[in-house]
Structure formats: structure tokens, C-alpha cells
Amino acid sequence: MAAFRGIVNIFFPWQLPAVLNGPAVMFDVVAASHNIAYLVSGASELYVATRTNVHFALNEVPDALLIGECEDSSLQGRFASGNDASSVVNVDVRGKKIILITINGTHTLDEIWDKGAEPLITVDYANIHSVAEWLLKERPNVEAITLVPSGGREKVFSSNPDLLEDLLCAESMRCLLRGEEPDFKNNFVLSKRFIDQCYPQHWPTKQADLDLIFTDCDLYPVVPICEKSTAGLMRIVNAYT
């Protein structure tokens with residue numbers, strides 16, 4: 001398959017222009033992107049929400065399982081799973097409706113959507129080859145593709161929100177689009193070192209999560225594309241065929 005010859009931009013969310021034209025790909029490596037890839041591979045319907053519309057989403061899809069994390073204390077009894085990758089993959093989502101909410105990744109998706117990107121896709125190492133192949137096949141002639149490492153909005157990252165693991169995943173995608181082979185092994189080493197230095201030390205599922213997240217083969221051959229439902233919720237569907 002021919003390499004992409006257009007422009008490939010990489011911007012953190014706070015660097016994005018006011019308007020985006022063409023495809024955009026969001027990378028939230030440690031949680032949201034991996035979890036979306038897993039969930040869309042089995043759920044009958046997958047919606048993503050933010051703190052501002054999660055109650056509306058629960059009212060619109062009352063039979064959905066709520067997965068992820070939120071600072072809204074009124075939701076704490078509603079979650080079927082937290083946001084850790086190793087916890088999410090233990091939820092049987094086959095044939096179920098799911099609402100995913102996170103502090104960071106789903107918020108970034110909302111921002112990118114509002115800037116006009118089309119299509120808007122989510123990527124983790126667990127589906128990076130599938131998405132690269134889909135873009136090369138389905139969008140070979142677009143002028144530009146925008147890659148958006150989500151970074152960190154949580155307080156612990158306030159002094160440096162440009163998270164290295166998200167950036168390296170975006171750079172790996174750029175390599176694949178250019179027909180080059182990413183150095184996954186080195187990226188994983190650098191990412192894990194950064195995580196050890198910069199992430200909270202209390203992370204009981206850390207090793208199990210990282211074992212899932214840092215994979216050089218597609219655990220889930222999916223292309224998660226965002227669309228808006230008739231109720232105005234962001235829904236994610238799998239475009240992979």
C-alpha cells in the first residue's frame with residue numbers, strides 16, 4: 001500500500017488551530033484509547049461522555065453500563081468498571097450498551113469534534129496498524145491528517161501536560177502513514193520510564209495495564225470512529241472491515 005504523501009501534523013490539544021479539516025486521530029495511551037478499542041470490538045453500542053453531559057447520557061441510554069472515571073461523586077456507585085485497562089478488559093461487553101467517561105481522553109475527543117475534524121478516530125498501540133491501514137486505504141488523497149496526543153489534564157500533570165507516551169504513539173502512527181517501521185521497542189522503553197517518573201506512585205494495576213497497553217501487534221483490529229447520535233451524544237462505531 002502506498003505511503004501517505006500529504007501533511008501529517010502532530011499537535012497536543014492546547015496547540016490545535018481553531019478549525020480542523022480532514023481526519024484527526026486522538027491518542028490517550030494509558031487509558032481511554034486502549035479502552036475504546038476494546039469496548040468497540042464487542043459492545044452493541046458505545047458512547048463517550050464528559051462531566052458536562054454524562055447525566056444526560058445515562059438518561060438517554062438508561063440500560064448502558066457506565067465505565068471509566070469521573071470526579072462527580074454522585075456517580076461513584078454507577079460504575080461497572082474503573083478506567084484501568086486491565087479492569088476494563090475483564091468486563092464482558094458483548095452485546096451490551098456502554099457509556100465511557102474519563103477525565104482526559106473523552107474531553108479531548110469533544111474538543112477535536114468541535115473543531116470540525118472528519119473522521120475523528122481513536123488510536124492506541126492495540127489498534128494502531130488497523131487504523132493506519134484504514135487511513136491509507138480510505139483517505140489517501142486528503143491534504144492533511146492531524147494526530148493529537150491527548151496529554152494530561154489531571155492536576156498531577158499541571159506542570160507538564162505534554163505526556164511522552166501519547167506523543168510517541170502519535171509519532172509511531174506518523175511512521176506507519178509514511179510507510180516506515182516505528183521503533184516500538186524503544187518507544188515502549190521511553191514511555192515506561194516517563195510513566196515511572198511522572199505518574200502517581202499508587203497504581204495497583206500498573207503492571208497489568210502496561211502489559212496490555214504496550215503491544216506491537218493489534219490486540220483489537222478496530223477503527224473506532226466518532227459520530228453524533230440523534231440525541232447529540234458522541235457515539236463510537238467500528239469502521240474496520
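## Overall shape

Along the principal axes, its C-alpha atoms fill a box of roughly 50 × 40 × 35 Å.

A quick word on ground rules: this is a predicted model, where local features need pLDDT of at least 70, side-chain atom pairs count only at pLDDT 80 or more, and totals for chains, interfaces and linings use all residues. Residues are numbered from 1 along each chain as its sequence is written, and side-chain values use heavy atoms, with hydrogens and water left out.

## Fold and surface

The protein chain has 8 helices and 10 strands (DSSP runs numbered from the N terminus: H or I of at least four residues for helices, E of at least two for strands). Take the contacts (heavy atoms within 4.5 Å) between residues at least 6 apart in sequence: 77% of them join residues at least 24 apart.

Buried residues make up 51% of the 241; buried means under 20% relative accessible area, exposed over 50%, and partly exposed in between, using a 1.4 Å probe and protein chains only. The chain exposes about 10,700 Å², with carbon and sulfur atoms supplying 48% of that (Shrake-Rupley method, 1.4 Å probe; for residues, only the protein chains shown count as cover).

## Helix α5 and its cover

Helix α5 spans residues 128-138, and its buried residues include I128, V131, W134 and L135. An α-helix has 3.6 residues a turn, so residues three or four places apart point the same way. Among the elements covering the buried residues of α5 are strands β2 (24-27), β7 (120-123) and β8 (144-149), plus helices α6 (164-177) and α7 (184-198).

The peptide bond from E118 to P119 is cis, with omega near -5°. Most peptide bonds are trans. P119 sits in the loop between α4 (105-114) and β7.

## Around K206

K206 lies in helix α8 (residues 206-213) and counts as partly exposed because its relative accessibility is 23%. Leaving aside neighbours within four places in sequence, K206 touches I195 and D196. With D196 there's a side-chain to side-chain polar contact at 2.4 Å (a pair of N or O atoms within 3.5 Å; within protein, one must be able to donate a hydrogen and the other to accept it, and residues adjacent in sequence count only if both atoms are side-chain atoms).
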